[in-house]
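Subject: Structure handover

Hi there,

Here is the structure I promised to pass on. Please have it open while you read my notes below.

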Amino acid sequence: MTARMTSAQARRIALAAQGLAKERPTGPATARQVGRTFDRLELLQIDSVNVLCRAHYLPVFSRLGAYDRGALDRLGSRGPRRMVEYWAHEASFVRPEHFADLRVWQRRTWMGEWSGETGPVREVGDRILETLESSRPLTAREVRDRLGHVATVDRERWGWNWSAAKRALEILFADGEVGSAGRTAQFERRYAPTRRVLPPGLDPEARPDPEEAMLRLVEAAARAHGIGTVRCFADYFRVPARPAAAAVGRLVERGILEPVDVDGWAGEQYLHRDAARPRAARGRALLSPFDSLVFERRRLERLFGFRYRIEIYTPEAQRQYGYYVLPFLLRERIVARVDLKADRAAGALLVQSAHAEEGAPADTAAELGEELRLMATWLGLADVIVRPVGDLAGPLARSLGARPAGTFPGWGSCLT
């Protein structure tokens with residue numbers, strides 16, 4: 001007989017699995033806590049947008065509060081790497097043990113692209129590998145410069161004005177022939193042979209069985225979710241849904257996943273056998289648009305009744321809430337959303353809009369104000385400035401004792 005649970009129970013299970021159900025530890029987070037948080041999440045999505053902070057830093061802040069971003073950087077740069085960059089939920093930092101399994105499935109997509117290449121892109125691949133073997137890690141621009149002039153790829157075909165060297169690097173990266181040894185201050189990948197990037201003990205040439213690889217990836221995704229659907233688990237690492245469903249079936253047979261019915265939820269849900277089942281959730285967090293809790297929008301709406309869309313690529317006049325909007329989690333609910341921007345030159349965290357969700361509790365503004373103060377301090381910003389946009393802006397400004405936006409001398413430049 002399939003077990004039944006309430007929507008509130010499922011919500012708390014999901015929060016606990018993602019490390020968001022408990023109050024944060026007091027004091028600055030340690031490097032060990034940073035490592036454990038990354039291991040729990042399995043991956044951190046990477047994005048080039050830096051209006052607030054690089055995307056991969058924010059989920060760790062959401063779970064630990066103030067921490068040394070250098071501690072996260074060191075997981076991927078010093079000693080045996082505990083995180084490596086690869087394609088997963090878009091470009092992501094992943095646990096190194098997932099690399100070979102992800103590579104099996106990525107190759108099926110990218111090798112079709114490589115096999116169809118002719119001309120300069122195909123020809124430059126071997127030259128790139130030879131160059132990287134005998135050099136320090138290089139950016140795409142540095143590779144191109146060392147190779148000399150390499151023709152530009154057809155814009156109409158690819159939609160990007162990439163050089164043949166850049167195109168070849170992207171394919172070699174997806175194939176796992178080269179890896180990322182880190183990124184520059186300008187967020188450019190520094191390419192190196194994969195064997196130099198993976199920690200000792202992991203074979204860069206490993207080719208695991210695809211079904212076994214899928215089984216491990218789906219189990220890791222289910223563990224990170226706690227509870228979810230086949231779609232949720234497949235989306236976590238962006239693997240195909242049909243083989244993911246087959247893997248779920250095998251995990252059910254092995255007793256690792258358990259089918260459950262959640263009140264008010266349609267379709268089949270699965271609970272990981274190791275999922276914690278807290279009776280209450282007491283966390284508080286601003287969630288990045290690229291946080292793993294909000295990856296799958298249908299799941300987010302089902303869990304919290306919260307409809308969320310990233311509006312970065314929406315024309316400004318058509319945006320409903322703003323450019324870089326973070327949901328605000330308070331205890332067991334998402335109670336507000338704020339559009340944030342870091343004005344580093346002026347030393348201020350700008351709240352460009354603040355909107356409360358229907359039924360938000362009375363302490364929403366006060367709790368959000370405390371979270372914004374903490375974030376500003378973590379980012380090295382001295383002030384929090386609230387623009388009078390949204391129904392929560394007034395209460396939030398009062399809770400912060402913030403100056404009106406119009407009195408802030410740097411405000412005009414912050415809106416450009």
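In which sense do β1 and β8 pair, and over how many bridges? They pair in the parallel sense, over 3 bridges. For the terms used here, strands (E, at least two residues) and helices (H or I, at least four) are DSSP runs numbered from the N terminus, and two strands pair if DSSP finds at least two bridges between them.

Before going further, two notes on the source. This is a predicted model, in which local features need pLDDT of at least 70 and side-chain atom pairs count only at pLDDT 80 or more, while totals for chains, interfaces and linings use all residues. Residues are numbered from 1 along each chain as its sequence is written, and side-chain values use heavy atoms, with hydrogens and water left out.

**The four-stranded sheet**

β1 and β8 belong to an open sheet of 4 strands with the order β1-β8-β9-β7 and mixed pairing. Its edge strands, β1 (3–5) and β7 (227–228), each pair on one side only.

Contact here means heavy atoms within 4.5 Å; axes are lines fitted to C-alpha atoms, for helices over the stretch in contact, and angles run from 0 to 180 degrees between N-to-C directions. Helix α11 lies across β7, β8 and β9 at about 85° to β9, and helix α13 (residues 241–253) lies across β8 and β9 at about 105° to β8.

α13 also meets helix α12 (residues 230–237): their axes come within 9 Å and cross at roughly 120°. V230, F233 and A234 of α12 make the contact with A241, A244, A245 and V248 of α13. In the loop between α12 and α13 you will find R238, whose phi is near 55°, a positive value in a residue other than glycine.

**The five-stranded sheet**

Another open sheet has 5 strands in the order β10-β11-β12-β13-β14, again with mixed pairing. β10 (284–286) and β14 (383–386) are its edge strands, each pairing on one side only. On average, neighbouring strands of this sheet are turned by 30° against each other, direction ignored. Strands β12 (residues 333–343) and β13 (residues 348–356) run antiparallel and are joined by 8 bridges; V338 stands opposite A354 in β13. Helix α15 (residues 364–378) packs on the sheet, touching β10, β11 (325–330), β12, β13 and β14, and its direction makes about 60° with that of β10.

**Cores and buried residues**

Buried means under 20% relative accessible area, exposed over 50%, and partly exposed in between (1.4 Å probe, protein chains only). A nonpolar core is a set of buried Ala, Val, Leu, Ile, Met, Phe, Trp, Tyr and Cys residues joined through side-chain atoms within 4.5 Å.

The largest nonpolar core has 107 residues, and those touching the most other members are L52, I128, F237, Y324, L340, L372 and M375. Helix α11 (residues 210–225) gives the most to this core, with 9 residues. L372 touches L286, L340, L349, V351, V384, L396 and L400, not counting residues up to four places away in sequence. A second, separate core of 27 residues includes M5, L271, L293 and V325.

As for cysteines, C53 counts as buried because its relative accessibility is 3%, and C232 is buried too, at 4%. The structure holds 0 disulfides (pairs of cysteine sulfur atoms within 2.5 Å).

**Two loop residues**

E42 lies in the loop between α2 (31–41) and β2 (43–45). E42 has a positive phi of about 75° although it is not a glycine, and at 4% relative accessibility it counts as buried.

I310 sits in the loop between α14 (297–304) and β11. Is I310 buried, exposed or partly exposed? It counts as partly exposed, because its relative accessibility is 26%. Leaving aside neighbours within four places in sequence, I310 is in contact with P289, F290 and R297.
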